[in-house]
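Dear colleague,

Please find below the structure that I am handing over to you, with its sequence. My findings follow it.

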Amino acid sequence: MKKVLTAIVMACWTTAAMAQAPWPQEKPVQVVVPFPAGGATDTIGRLMAEQLQRRLNQSFVVHNRPGATGTIGAGAVARAAPDGYTLMMSSLGTYVIAPHLIKSTPYDALQDFDYITVAVQAPNVLVAAPTKTARSVQDVIDELKARPGQVSFANSGFGASDHLSAEVFLQQTRTDGMHVAYKGGAPAINDLMGSQVDYSFQNVNAVLPHIRAGKLRPLAVTGDKRSAVLPDVPTLTEAGVPNAVIYSWQALSAPKGLPAGVKAKLADAAIAAFKDAEVAHKLEDQGLEVVASTPEAFSAFQAREFQRWKTLIEERGITIE
């Protein structure tokens with residue numbers, strides 16, 4: 001009888017200890033990337049998962065859940081338990097653009113997430129397919145005017161930054177092109193390299209290896225200054241296209257309602273990971289700029305970006321067909 005009681009007591013202690021296990025020791029953490037594997041956001045998500053796993057001594061597993069410019073995966077995250085075991089690494093398309101373009105978005109971008117950190121930002125780069133003869137932005141403009149509505153621009157999904165970059169470019173040059181939407185950056189880039197589409201505004205880090213290998217031709221970047229990894233490529237402003245400064249960014253969030261202690265621990269680990277000198281150097285070599293903002297700074301930035309894109313989309317009459 002004594003042994004039975006002892007076993008019961010031990011089982012109760014074990015159950016209580018498991019229930020009170022400090023995050024994230026209870027189980028592996030799922031990091032949802034709402035885009036296909038191989039794109040810019042997926043790359044940053046996997047780097048984040050690797051760094052958090054190393055720093056927090058637990059498995060962080062990336063789960064790709066693409067569709068509808070990231071809104072399907074984001075909706076699933078918004079509905080998940082706010083216990084720290086479901087996180088999301090996504091881009092500005094999901095956080096601040098798609099909500100203004102997609103009807104019945106399955107989440108409230110301002111209310112349904114706890115914002116942890118904006119990890120990185122980067123300009124997009126206008127790249128041409130290998131078979132295109134364009135050597136400058138003016139060449140692209142001339143082609144658009146000669147073939148209105150027929151020149152194609154690949155993007156990672158309607159509402160993503162590459163889609164909006166092309167929209168702004170067409171608006172500012174008073175031309176008309178054809179948008180071709182994919183379910184992520186990787187398939188868009190593959191078709192671009194195969195010359196199935198003509199041009200694309202892709203994240204610098206996503207296409208830099210292909211540019212260096214001579215498989216894609218860079219024509220301009222969307223930043224307010226030239227990219228450190230593409231110093232010979234002009235900005236759109238330098239190329240004669242004003243008011244087209246756009247930065248893509250990737251950020252980590254979680255379902256709204258994280259316990260304060262979990263949020264602080266997660267944010268500290270994520271920020272430290274991207275401020276690590278070795279990690280930062282690796283990212284900067286790919287054309288990314290480390291941001292590693294605090295949750296408070298991310299929340300304020302989110303509100304500003306949300307309003308900025310709302311205003312831009314309404315003023316330019318941008319819609320998803």
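I begin with a point of backbone geometry: Ser195, which comes just after helix 7, takes a positive phi of about 60 degrees. Please bear in mind throughout that this is a predicted model.

Helix 7 itself spans residues 185-193, and its buried residues are Gly185, Ala186, Ala188, Ile189 and Leu192. Viewed down the helix axis, these buried residues fall within an arc of 165 degrees, so they line one face of helix 7. Their packing partners are strand 4 (113-128), strand 5 (152-155), strand 7 and helix 8 (204-212).

Two or more lining residues come from each of helix 2 (40-56), helix 6 (161-173), strand 7 (199-203) and strand 9 (247-255). By class, the lining comprises eleven polar residues, five nonpolar and one charged.

Finally, helix 9 (residues 260-275) packs against helix 10 (residues 277-285) at an angle of about 65 degrees, the two axes being 5 Å apart. Helix 9 contributes Ala273, Phe274 and Lys275 to this contact, while helix 10 contributes Ala277, Val279, Ala280 and Leu283. Six of the contact residues are nonpolar and one is charged, with no polar residue among them.

With kind regards

Technical notes:
Residues numbered from 1 in each chain as written. Predicted model: local features only at pLDDT ≥ 70, side-chain atom pairs only at ≥ 80, totals over all residues. Heavy atoms only, no water. Axes fitted to C-alpha atoms, helices over the stretch in contact; angles between N-to-C directions. Helix = DSSP H or I, 4+ residues; strand = E, 2+ residues; numbered from the N terminus. Contact = heavy atoms within 4.5 Å. Nonpolar A, V, L, I, M, F, W, Y, C, P; charged D, E, K, R; others polar. Buried < 20%, exposed > 50% of the residue type's maximum accessible area, 1.4 Å probe, protein only. Arc of directions from axis to C-beta.
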